[in-house]
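Hello,

Here is the structure I promised to pass on to you.

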Amino acid sequence: MPLTMLSIGKEAKINVCRVADTTRKYLEGLGIIPGVSISVISEISGNLIISIKGSRIAISQGIAQQLMVDE
Amino acid sequence: MQYTFALVGNPNSGKTTLFNEITGSTQHVGNWPGVTVEKKEGKVKKHKENIKIIDLPGIYSLSPYSLEEVLARDYIVDQKPDVIINIVEGTNIERNLYLTTQLMEFGVPVIVALNMMDAVKTRGEEIDILQLEKSLNLPVVPTIATKGKGVNELIEKALVLAQTASAKTEEAPVKKFDELIEKSITQLENLVTKELTLDYNPRWVAVKLLEDDMDIKEKADISVNLNNEVIMCRERIQKGYNNDDVETVIADNRYKFISNVISKSVKKKSSRTLSTSDKIDKIVTNRILALPIFLAIMWVVYYVSISTLGDYTIGWVEWLIGDVIGGTISEWLVGAGAADWLHGLVIDGIIGGIGGVMVFVPQLMILFFFISLLEDSGYMARVAFIMDRIFRKFGLSGKSFIPMLIGTGCSVPGIMATRTIENEKDRRMTIILTPFIPCGAKWPVFAMFIAAFFADKAWIAPAIYIIGIGIAILSGLLLKSTVLKGEAAPFVMELPEYRLPKLKGTLIHMWDRGKAFMIKAGTIIFIASGVIWLLQSFDASFSMVEAENSMLASIGRVIAPIFSPLGFGEWRAAVATVTGLLAKEVVVATLGILHGIGEVAEDDPSLISSITQSFSTLSAFSFMIFTLIAAPCFAAIGAMKREFNSWKWTFLTLGYQTGLAWILGTLVFQIGSIIGLG
């Protein structure tokens, strides 16, 4: 399911990252790659603050929709 | 012998703090990713060797995404520092080591500064330094940059590394990747060594080629043979990994290597509780509360800086400059028997001109103090997140908000802050729109006109702000559907942990920004005031005349007709719009001098009464609108040129801004006249 469906506070694993090329490389640098645990801290009209590898990252709804996760 | 050390690390990992510690300078440190937007140089203080330190912008990886990442990478690749000091945030070691795994490939000696060790301890974590050194095969020095701990040791070790680097025989690189990838790397490396003449590390080039890095493909002239080999290797890896994308496989390999390193050297406390920072975020970025909290904070900031504390300081500065300094100098000049013209030049020209500007410095300082506080605490990054959805509606991302907010103080740092915006289109748009947000230097102009014409209308000051923001929004929509088409880039931004700002840091930061205004008052405005006074006191044959017959009046009358449709086609007003290009505060100084009063304050009764001779209420309003929207000062234009890196875009922007200002000013005056205002 897309990350947008994950409820706040629950942990999941990234499965597939469907984001386009350059942005994906940037996400990789931030630790957002398949196999990594991820959880959602808060949400404002679709934009998310996520917790990954100990850091907090704000991502837009567009990216969250392209990140597939498994609970 | 001179050595060059480059500081490289993730954004917000404490590089600039470390840089300041090493060099003894006071560079601006903030708590949002991307504070260092250009590289800074310094020298190691109190050291027998001549060591240059380069502070590079923070980067997450060496696959450049934003302009600052390109800057950092190009520096390392092309300039080849003697040592790379890689700052690794101890509390976020896993993510930070990703960059380290890439730095290791350059062939430049790397030393790791494991920073924020105090925070690591507070969290109850432990890092085995020796083990970490062994697994990474790099020297590691624990540091606490904010307290200066470990800094000397770091420099000493880095120096040893630099001095022994050339003597060292090539070591076998640490194996970070699995067999399949290592095999491909070795294969490509051999070919690269044979074929390429570039002064790059072949192994690094090999890895970059595997990652399909566009930049390296452009720089290195890749032969058909090598290119085929790259394609073959990529296909082989893809097959071996169930058709997974090669870049992802390599990134995954790097993270696996890191996990391995971490598992051996870091003892983590596996607590799943929310940190204090998360708890603050729960409230501050709450979907319902976020916007009201933000608006409340901004209201307090402006209310305190402009209305309460700020207003109180104005009278104080007026007294200091007008009565104390001006009075003393005037007495002294009279006592020394100075000529009338000299007395006029000094008192009416220079002190009058500078005074009109200086009264706003305390207000600006207070505003800068608050903006610094917002940055240093970590809230600024959240603001970008909160504003993203709103900004997206007119084609910008939330990241454009920070430059605009800084722009309320001064457009120059605002325009420079656009570097953190990765997307070229978003960046251009933000540079074009930021000057519409009224900067601190425009306050004196508005304040003067408000005092003269709108003293009983409290709504006019906020209205000017709202008009500025409205123009920015409408221009955003216009640009989005014309020259800068397309949606804003997806928003991704690391949010730093909230930190209690240190008073010293915030004050330094405030001072850095405020200083520029004072320097401006002492240089540009000083000279401009003098020159304007001279031009308005003499005619072309250099005999002293009434302002009406002066050189400046002749010049002013030539350009005045341009502004007739806006209602201020009077030569003094026309001159003021032009001198405003030097610095917006000069508008006040100009009008002050031209109305023949060496007065320091924009709300002085005699200035106000004589200004009403040049303007009507309506033309005053159209003048304010023109000042608000027209081309910014030369300093901001210079910043624009640097950031656009194009004269074409700079002139287009200036043309758009000034053209729009003229049209709106005309509309205000003409429509206002028809419906009988003013």
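Across the interface of chain B and chain A, 18 residue pairs are in polar contact, with both partners at pLDDT 80 or more. That score is there because this is a predicted model, so please keep that in mind as you read on. On the side of chain B that touches chain A, the elements giving two or more residues are helix 3 (93-103), helix 11 (246-265), helix 12 (276-284), helix 16 (379-392) and strand 9 (492-495) of chain B. Helix 11 of chain B provides the largest share, five residues. Sorted by class, this side of chain B has 19 charged, 13 nonpolar and seven polar residues.

How many residues are in contact here? There are 39 from chain B and 34 from chain A. The size of an interface is often given as the accessible area lost when the parts come together. For chain B and chain A that area is about 3,300 Å², with 55% of it on carbon and sulfur atoms. In chain B, F385(B), R389(B) and V492(B) lose the most area to chain A, and together they make up 19% of what that side buries.

Side chains of opposite charge can pair when their charged atoms come close. Between chain B and chain A there are four salt bridges, and one to look up is E94(B) with K53(A), at 2.9 Å from N to O. Strand 9 of chain B also runs antiparallel to strand 4 (residues 55-59) of chain A, and four bridges join them. In this pairing, E494(B) stands opposite I57(A).

Now stay with E494(B), which also has a salt bridge to R95(B), their closest N and O atoms being 3.2 Å apart. This pair links distant parts of the chain, with R95(B) in helix 3 and E494(B) in strand 9 of chain B, 399 residues apart. Are these two buried or exposed? Both R95(B) and E494(B) are buried.

Another pair to find is E105(B) and R254(B), whose side chains meet in a salt bridge at 3.0 Å, N to O. E105(B) lies in the loop between helix 3 and strand 5 (110-115) of chain B while R254(B) lies in helix 11, so the pair ties together parts that are 149 residues apart in sequence. E105(B) counts as buried because its relative accessible area is 3%, under the 20% cut-off. R254(B), at 0%, is buried too. Both belong to a network of salt bridges that also links K176(B), K208(B) and E211(B).

Helix 3 of chain B holds one more residue to look at, T100(B). With 0% relative accessibility, T100(B) is buried. What does its side chain touch? It makes a polar contact with the side chain of N86(B), at 2.6 Å. Apart from neighbours within four places in sequence, T100(B) is in contact with N86(B), V88(B), V112(B) and L138(B).

Four bridges join the two antiparallel strands, and G42(B) has I53(B) as its bridge partner. In a regular strand the side chains alternate between the two faces of the sheet. In strand 2 (residues 40-43), K40(B) and G42(B) are on the covered face, while E41(B) and K43(B) are on the uncovered one.

Happy exploring!

Technical notes. Residues are numbered from 1 along each chain as its sequence is written. Chains are lettered from A and ligands numbered from 1 in the order in which they are written. This is a predicted model: local features need pLDDT of at least 70, side-chain atom pairs count only at pLDDT 80 or more; totals for chains, interfaces and linings use all residues. Side-chain values use heavy atoms; hydrogens and water are left out. Contact means heavy atoms within 4.5 Å. Buried area is the accessible area (1.4 Å probe) that two parts lose on being put together, summed over both. A polar contact is a pair of N or O atoms within 3.5 Å; within protein, one must be able to donate a hydrogen and the other to accept it, and residues adjacent in sequence count only if both atoms are side-chain atoms. Ala, Val, Leu, Ile, Met, Phe, Trp, Tyr, Cys and Pro count as nonpolar, Asp, Glu, Lys and Arg as charged, and the others, Gly among them, as polar. Two strands pair if DSSP finds at least two bridges between them. Buried means under 20% relative accessible area, exposed over 50%, partly exposed in between (1.4 Å probe, protein chains only).
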